[in-house]
Amino acid sequence: MTLRQRLKYWLFTYIPGMSGRFRYFGAPLYFPRQALIFRVVCAEGIFEREIVRRMVALARPRTTVMDIGANLGLMAIPVLRDCPECHVVSFEPSPGTLPFLRQTAA
């Protein structure tokens, strides 16, 4: 990771008042402290870039997109940003992650 990416990870992981949330595609995204997935986002700038591109390209206005295994909402946020008339149904079975997805969705 570059210095900037490390700084972002450190700030949003450890600094009170900043930790546990950051802006992702313009929307607040919540995550558990020291989440590995957040480290990946800091390093790459986007989570699973090709899958996000494909989902955004396939989303059409007034349709429903299913996000199965939604984790924190890393796929839903870019889809909704590029297709605000879409409806996204996110499903996350992990009881440890679900509260963060709910917070992001709110």
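**View 1. A disulfide joins C83 to C86, with an S to S distance of 2.2 Å.** This close-up, like those that follow, shows a predicted model. The structure holds one disulfide. In general, a disulfide is a covalent bond between the sulfur atoms of two cysteines. The torsion about the S-S bond of C83 and C86 is about 75°, and the disulfide is therefore right-handed. C83 has a relative accessible area of 6% and is buried. C86, its partner in the bond, is likewise buried, with a relative accessible area of 8%. Both values lie under the 20% cut-off that defines a buried residue.

**View 2. A further cysteine, C42, is buried.** The relative accessibility of C42 is 4%. Because buried means under 20% relative accessible area, C42 falls in that class.

**View 3. The largest nonpolar core of the model comprises 25 residues.** The members that touch the most other members are F22, Y24, L29, F38, F47 and L74. Two or more residues of this core come from each of the elements β1 (21-24), α2 (36-44), α3 (49-58) and α4 (76-82). Helix α2 gives the most, with four residues. In soluble globular proteins, nonpolar side chains tend to be buried together.

**View 4. The surroundings of F38, one of the core residues that touch the most other members.** When neighbours within four places in sequence are left aside, F38 is in contact with K8, Y9, F12, T13, F22 and F31. Among these contacts, F22 is also listed with the core residues that touch the most other members.

**View 5. T104 in helix α5 (residues 98-105).** T104 has a relative accessible area of 14%. This value is under 20%, so T104 counts as buried. With neighbours within four places in sequence set aside, the contacts of T104 are P28, L29, Y30, L72 and I77. One of them, L29, is among the residues of the largest nonpolar core that touch the most other members.

**View 6. A nonpolar surface patch is made by M66, I68, V89 and F91.** The area of the patch is about 390 Å². The strands β3 (64-68) and β4 (87-91) are the elements that give two or more residues to the patch. F91 is placed in strand β4. With a relative accessible area of 46%, F91 is partly exposed.

Technical notes:
Residues numbered from 1 in each chain as written. Predicted model: local features only at pLDDT ≥ 70, side-chain atom pairs only at ≥ 80, totals over all residues. Heavy atoms only, no water. Core = buried A, V, L, I, M, F, W, Y, C linked by side-chain atoms within 4.5 Å. Buried < 20%, exposed > 50% of the residue type's maximum accessible area, 1.4 Å probe, protein only. Contact = heavy atoms within 4.5 Å. Disulfide = S-S within 2.5 Å. Patch = residues over 30% accessible without salt bridge, like charges linked within 9 Å, V, L, I, M, F, W, Y side chains within 5 Å. Areas by Shrake-Rupley, 256 points an atom, 1.4 Å probe, with all protein chains shown as cover. Salt bridge = Lys/Arg side-chain N within 4 Å of Asp/Glu carboxyl O.
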